[in-house]
Amino acid sequence: MEKLLYPLWKVPSLSGDEFRDELLLQLAPQLTRVEGVHGLRICVVDSAVSAAAGRSIESHAPVPDAMLSLWVDFAGAAGHWEPLIDAHVRTKTVYLVAEAEPLVSQQTHPSMPGERLYGVCQVVFMSPPDDMDRDEWLSIWKDSHTQVAIDTQSTFGYRQNLVVRRLSEDTPVCFAVVEENFPPEAMASDHAFYATGGDEALLQKHMNAMIESCARFIDFQKINVIPMSEYLVKPVAVE
């Protein structure tokens with residue numbers, strides 16, 4: 001099975017909430033009926049995450065309005081589902097990714113299929129500095145930073161998507177896409193975001209630890225951070 005990530009851009013006439021409804025009520029039922037599509041998640045910028053606007057980072061505007069995750073038998077069969085996506089968006093790009101899930105959000109805050117997941121999903125598009133060796137970048141991110149992020153933040157869901165291939169010519173270079181689930185209070189509160197319990201000294205400690213760790217392997221000129229609402233429409237069946 002392969003995982004595809006589709007960053008999506010809406011037509012300007014639609015609000016974020018209208019785009020969300022179109023994706024969930026029109027596109028999602030079509031996609032779930034396609035043979036070979038085994039899982040579907042939709043993350044979208046809507047009014048429910050407006051309090052998190054201050055956490056956005058836009059290095060390459062305009063950033064996506066939504067991100068579609070599809071789990072499929074074979075990415076080469078995209079002609080079966082991409083025309084359905086195209087009918088509901090202004091434009092899209094697509095990455096084939098290898099997913100790891102150090103923290104499983106559904107174990108902590110389970111949701112019914114199609115129901116909005118608790119809190120906010122912070123979607124991050126990132127790449128290493130140009131002069132960094134890829135194996136070194138992977139080692140720092142996967143083997144070291146992962147635990148720093150878990151220890152210093154209030155995340156209850158953490159998905160690491162390593163980009164394997166860009167599957168369209170206009171898809172920008174990106175080495176990884178991270179999906180992090182935070183409680184709703186973290187949208188506007190640094191103490192809630194960094195899991196400090198209101199301790200100012202601990203806040204500074206956690207913030208500094210995260211900044212120092214990220215600086216080891218992320219090019220901050222190439223990062224986009226987008227708070228979104230998450231909807232797991234069709235969970236992948238566990239055999």
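Here is a quick tour of the strands, charges and rings in this predicted model. Local features need pLDDT of at least 70 and side-chain atom pairs count only at pLDDT 80 or more, while totals for chains, interfaces and linings use all residues. Residues are numbered from 1 along each chain as its sequence is written, and side-chain values use heavy atoms, with hydrogens and water left out. In brief, the structure holds 13 salt bridges and five aromatic pairs.

- Strand 8 covers residues 157–166, and seven of its ten residues are buried (under 20% relative accessible area; over 50% is exposed, and in between is partly exposed, with a 1.4 Å probe and protein chains only).
- On one side, strand 8 pairs with strand 6 (residues 95–103), antiparallel and over seven bridges; two strands count as paired if DSSP finds at least two bridges between them.
- Within that pairing, Val163 of strand 8 has Val97 opposite.
- Strand 8 also pairs with strand 9 (residues 176–182), again in the antiparallel sense, over six bridges.
- There, Tyr158 has Glu180 of strand 9 as its bridge partner.

**Glu180, a buried charge without a salt bridge**

- Glu180 sits in strand 9 and is buried, yet has no salt bridge.
- What Glu180 does have is a 3.3 Å polar contact with the side chain of Gln153.
- A polar contact is a pair of N or O atoms within 3.5 Å; within protein, one must be able to donate a hydrogen and the other to accept it, and residues adjacent in sequence count only if both atoms are side-chain atoms.

**Salt bridges**

- Side chains of opposite charge can pair when their charged atoms come close; the cut-off for a salt bridge is a side-chain nitrogen of Lys or Arg within 4 Å of a carboxyl oxygen of Asp or Glu.
- Glu230 and Arg41 meet at 2.9 Å, N to O.
- Glu230 belongs to strand 10 (residues 224–234) and Arg41 to strand 2 (residues 37–44), so this pair ties together parts that are 189 residues apart in sequence.
- Both Glu230 and Arg41 are buried, and both belong to a salt-bridge network that also takes in Lys3, Glu99, Arg159 and Glu179.
- Arg55 bridges to Asp190, with the closest N and O atoms 2.9 Å apart.
- That links distant parts of the chain, 135 residues apart: Arg55 is in the loop between strand 2 and strand 3 (57–58), and Asp190 is in helix 5.
- Arg55 is buried at 18% relative accessible area, whereas Asp190 is partly exposed at 32%.
- Asp86 and Lys92 form another salt bridge, at 2.6 Å from N to O.
- Here Asp86 is partly exposed at 39% relative accessibility, and Lys92 is buried at 16%.

**Rings**

- A pair of aromatic rings is described by the distance of the centres and the angle of the planes.
- Rings of Phe, Tyr and Trp (its six-membered ring) pair if their centres lie within 6.5 Å; planes under 30 degrees apart are stacked, over 60 edge-to-face, and the rest tilted.
- Among the five aromatic pairs, Trp137 and Phe175 have ring centres 5.6 Å apart and planes at 80°, so the pair is edge-to-face.
- Trp137 is in helix 4 (residues 134–152) and Phe175 in the loop between strand 8 and strand 9, so the pair ties together parts 38 residues apart in sequence.
- Trp137 is buried, at 0% relative accessible area, while Phe175 is partly exposed at 30%.
- Trp141 joins Trp137 and Phe175 in a cluster linked by ring pairs.
- The charged end of Lys142 sits over the ring of Trp141, 5.0 Å from its centre; the test is NZ of Lys or CZ of Arg within 6 Å of the ring centre and within 35 degrees of the ring normal.

- Asp199 is in the loop between helix 5 (190–193) and helix 6 (200–215) and is partly exposed at 37% relative accessible area.
- A polar atom of its side chain lies 2.9 Å from the backbone nitrogen of Ala201, and the backbone nitrogen of Leu202 is 3.0 Å from a polar atom of the Asp199 side chain.

Definitions and conventions. Helix = DSSP H or I, 4+ residues; strand = E, 2+ residues; numbered from the N terminus. Lys, Arg positive; Asp, Glu negative; His and termini not counted.
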